[in-house]
Amino acid sequence: MLYRDLIPGRSGGRYIASLISIPNGGPVADWVHFHRIALQLIYVRSGWVRVVYENQGEPFVMRAGDLVLQPPQIRHRVLESSAGLEVVELGCPALHETLADHEMVLPNAINAERTFGGQRFLHHVAARTPWTNFHGGEARETGICDATGGLAEVRTIRGSQIDFPMHHGELVFGFVLDGSALLDFEDGFELCASDAFVIPPGASWNICDGSDDFRLLHVTSAQLG
């Protein structure tokens, strides 16, 4: 696996966002493990990956645009991937424990309503999610807000002109999945595919001149404990 940090300085150790790629597909050398973390999500940018999670049934495949919320300490395992897999992983705090569980065998009994640390596992499937209006553009909402009890919101956004509402939580993060646009913040920034940015909470900003294929991963969080 190859990693690229997407938040320089990792917000002082508060958040980490990484673009993770696997150039060669096939089985992944992973084992059942879990993370002691406040918030963690995985978004597939390209390719596919097969994973399995505690109490969530048989292994399943995530494809481009799909996302999972990994609630605190849920056991899971990555099984295999396509060549050229790319995922965006975001977590809080940046430095957290990852521990193996050599006793648990996955898949195990299904308990889809179980919560972990007050959060519910979520598998968002992009192909089943319609585009809805979002401040001048369109968005695929993911349901992360409900699954985390209001701790975070995640959506995929497209459009040429998007006026983002001011956010007063901890994090405002964007990652350009495809295309190009202008980030209208301070002196302005030209964005292209694979660029990432963080906007200070309480600041005004928008996206303009988005190309026809412009897609943005947009993540916000509340004040996390």
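Which strands each supply at least two residues of the lining of the largest pocket? I shall return to that question directly, after one caution: the structure before us is a predicted model.

The strands concerned are E1 (2-5), E2, E4 (33-36), E5, E6 (48-53), E9 (76-81) and E10. Among these, E2 gives the most to the lining, namely four residues. The pocket itself has a volume of about 650 Å³. It is lined by 30 residues, and those closest to its centre are Met-1, Tyr-3, His-33, Val-78 and Glu-89.

The largest nonpolar core contains 25 residues, and Val-88, Leu-90, Phe-173, Phe-175 and Leu-217 have the most contacts inside it. Several elements each supply at least two residues of this core, including strand E5 (39-46), strand E10 (85-92), helix H2 (144-147) and strand E24 (215-221). The largest share, four residues, comes from E19.

Phe-175 is found in that strand, E19. Is this residue buried or exposed? Phe-175 has a relative accessible area of 0%, and buried means under 20%, so Phe-175 counts as buried. Leaving aside neighbours within four places in sequence, Phe-175 is in contact with residues that include Arg-4, Leu-19, Val-88, Asp-195 and Leu-217. Phe-175 and Val-88 are 87 residues apart in sequence, yet their C-alpha atoms are 8.5 Å apart in space.

Not counting residues up to four places away in sequence, Leu-217 touches Tyr-43, Val-88, Val-154, Arg-155, Phe-173, Gly-174, Phe-175 and Leu-177. There is also a second, separate core of 18 residues, which includes Ala-139, Val-176, Ala-181 and Trp-205.

Trp-205 leads us to strand E23, residues 205-208. In a regular strand, the side chains alternate between the two faces of the sheet. In E23, Trp-205 and Ile-207 point one way, while Asn-206 and Cys-208 point the other way, and all are buried.

Which strands are joined to E23? Strand E18, residues 162-164, runs antiparallel to E23 and is joined to it by three bridges; here Asp-163 stands opposite Asn-206. Strand E20, residues 180-184, is likewise antiparallel to E23 and joined to it by three bridges, with Leu-183 standing opposite Ile-207.

How values were computed: Residues numbered from 1 in each chain as written. Predicted model: local features only at pLDDT ≥ 70, side-chain atom pairs only at ≥ 80, totals over all residues. Heavy atoms only, no water. Core = buried A, V, L, I, M, F, W, Y, C linked by side-chain atoms within 4.5 Å. Buried < 20%, exposed > 50% of the residue type's maximum accessible area, 1.4 Å probe, protein only. Contact = heavy atoms within 4.5 Å. 1 Å grid on protein atoms, 1.4 Å probe; cavity = no way out; pocket = protein on both sides within 12 Å on 5 of 7 lines; lining within 4 Å. Points joined across faces, edges and corners; volume = space filled by probe spheres on them. Pairing = 2+ DSSP bridges.
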